[in-house]
Amino acid sequence: MTESTTVNTQVSGGNDVAATASTAYNAALEVIASVEPRVAEATRDELADQRSSLKLIASENYASPAVLLTMGTWFSDKYAEGTVGHRFYAGCQNVDTVEALAAEHARELFGAEYAYAQPHSGIDANLVAFWSILAHRVESPALERFGAKNVNELSEEDWETLRHELGNQRMLGMSLDAGGHLTHGFRPNISGKMFHQRSYGTDPETGLLDYDRVAAAAREFKPLVLIAGYSAYPRRVNFAKMREIADEVGATLMVDMAHFAGLVAGKVFTGEENPVPYAHVVTTTTHKSLRGPRGGLVLATEEYAPSVDRGCPMVLGGPLSHVMAAKAVALAEARQPAFATYAQNIADNAQSLAEGFLQRDARLVTGGTDNHLVLLDVSGFGLTGRQAESALLDAGVVTNRNSVPADPNGAWYTSGIRFGTPALTTRGFGRDEFDRVAELVVDVLSNTTPNLTKDGRTSKASYTLADGVVERTKAASAELLDKHPLYPGLELT
Ligand SMILES: *Cc1c(COP(=O)(O)O)cnc(C)c1O
């Protein structure tokens, strides 16, 4: 059922293009090897590793050869600080072309009033968004108050006042153990040093977002920024409700859709589950479910557009022109009908994976999923997340450990494993294959036993796998992976 979408998007045009891509990669590796053969070798090894492992990391995917090849060009050499048509460097006409295309595709794809394609990553996109919101909500009114046109006109004293205002604003975001992200105001990240942050959690019984609690927290804390979005919450969010809460307390609603942008692009999340019509500012990565190059993107309403447009020099230096070109290619792919099929398959496959776990008596945070990820509580297997992650990796299943709400094992060992379906869905895995994946995972975890420490306690890190489980899991995954090759037709010589 996923055949046509994978062939088209992996190697657009089918086998002829696959053959051309093979030629391109073989030639590129030869050129690289002429300077540093070890890099060429590692690059080959990486393809082999990606082809031969069950990649279930929720934030990863496989971009098409068209996207990947676009990144390896001389656009990398060009400085282009500024914005389209308004650069601080000469000779940016071709960068203008690709940046304008990336922004246009993003606006059309997401139905956004404005798109900014320069952020280098998700964290950069969030920094651009934070400082744009601060510029719009705090800096502009202060300049007006001081009767200045720009910050350079301010006296030393007024500037000091403004800096203190900028640095003392409030942000309300989802707590880390409910699935929020470090960049949403947590202390180890710069966002937590910039903002006075509080977080909202999920219902301790159901694990679901409780909008009444969010509203109560917002009324009490009165944040300048209400941030929605997650990297480990297995459910959809109602953004109309989030906007209502933001409006009630005068907050700017920012949505970080880094994880689920592909589901928005593919129209799986529509209506109140689509953040774009409700948020003032939306940020995303381009390399997760959106399946583009590593990078970030900011979408905004007309109101916030002028401040987002100042991302450089506010937060960024020169944009990565080669990556903006690749964003334009990836977003063009995401506008094709096949991408909507792909996105629906991501969600259907996550359902199947969740059902596969539940049928085998495994415990899931929130009891299931309705997006692209599944959070398995491995305490039922007597393991920590760290042990489960390592045992699965030994058996060729690549995942990452993750906290669960009120995690007794803390953020390092954790009690959860996060699974995502975007990458294997790109390879063409369907519902049956994901049910088989659930079976393999449960087999590995049921056959993993924590070791005892020297003083007789249960270790949180070391474990022993039962005989034969690694071999049988690897054989079963190889069978699945062979049926759905990564980059079919692409052959390195
Ligand atoms: C992945 C992620 C980011 C960071 O993206 P990078 O490209 O790794 O900087 C930011 N926010 C959320 C919600 C994410 O999931």
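For this tour, a residue is buried when its relative accessible area is under 20%, and exposed when that value is over 50%. Keep in mind that this is a predicted model.

Start by selecting Tyr487, in the segment after H20. At 9% relative accessibility, Tyr487 falls under the 20% cut-off, so it counts as buried. Check its backbone too: phi is positive, about 55 degrees, although Tyr487 is not a glycine.

Now jump to Ala406, in the loop that runs between strand E14 (400-402) and helix H17 (410-413). Here is another non-glycine residue with a positive phi, near 50 degrees. Is Ala406 buried or exposed? With a relative accessible area of 67%, Ala406 is exposed.

Next, go back to helix H20 and select residues 469-483. The 15 residues of H20 reach 21 Å from first C-alpha to last, close to the 21 Å expected at 1.5 Å a residue. Colour Val469, Val470, Thr473, Ala476, Ser477, Leu480 and Leu481: these are the buried ones in H20. They sit on the same side of H20 because they cover an arc of only 140 degrees around the axis. The spacing has a simple background: an α-helix has 3.6 residues a turn, so residues three or four places apart point the same way.

Time for the ligand. Select the 14 residues around it; Gly122, Ile123, Asp256, His259 and Lys288 come nearest. Which helix gives the largest share of this shell? That's H6 (residues 122-146), with three residues. Colour the shell by type and you get three nonpolar residues, nine polar and two charged.

- Asp256: an N or O atom of its side chain is 2.6 Å from a nitrogen atom of the ligand.
- Lys288: a polar side-chain atom lies 2.8 Å from an oxygen atom of the ligand.
- Ser121: a polar side-chain atom is 3.5 Å from an oxygen atom of the ligand.

Last stop: Cys312 and Pro313. The peptide bond from Cys312 to Pro313 is cis, with omega near 15 degrees. Pro313 itself lies in helix H13, residues 311-314.

Conventions. Residues numbered from 1 in each chain as written. Predicted model: local features only at pLDDT ≥ 70, side-chain atom pairs only at ≥ 80, totals over all residues. Heavy atoms only, no water. Helix = DSSP H or I, 4+ residues; strand = E, 2+ residues; numbered from the N terminus. Expected span 1.5 Å × (residues − 1). Buried < 20%, exposed > 50% of the residue type's maximum accessible area, 1.4 Å probe, protein only. Arc of directions from axis to C-beta. Near = heavy atom within 4 Å. Polar contact = N/O pair within 3.5 Å; in protein donor to acceptor, adjacent residues only side chain to side chain. Nonpolar A, V, L, I, M, F, W, Y, C, P; charged D, E, K, R; others polar.
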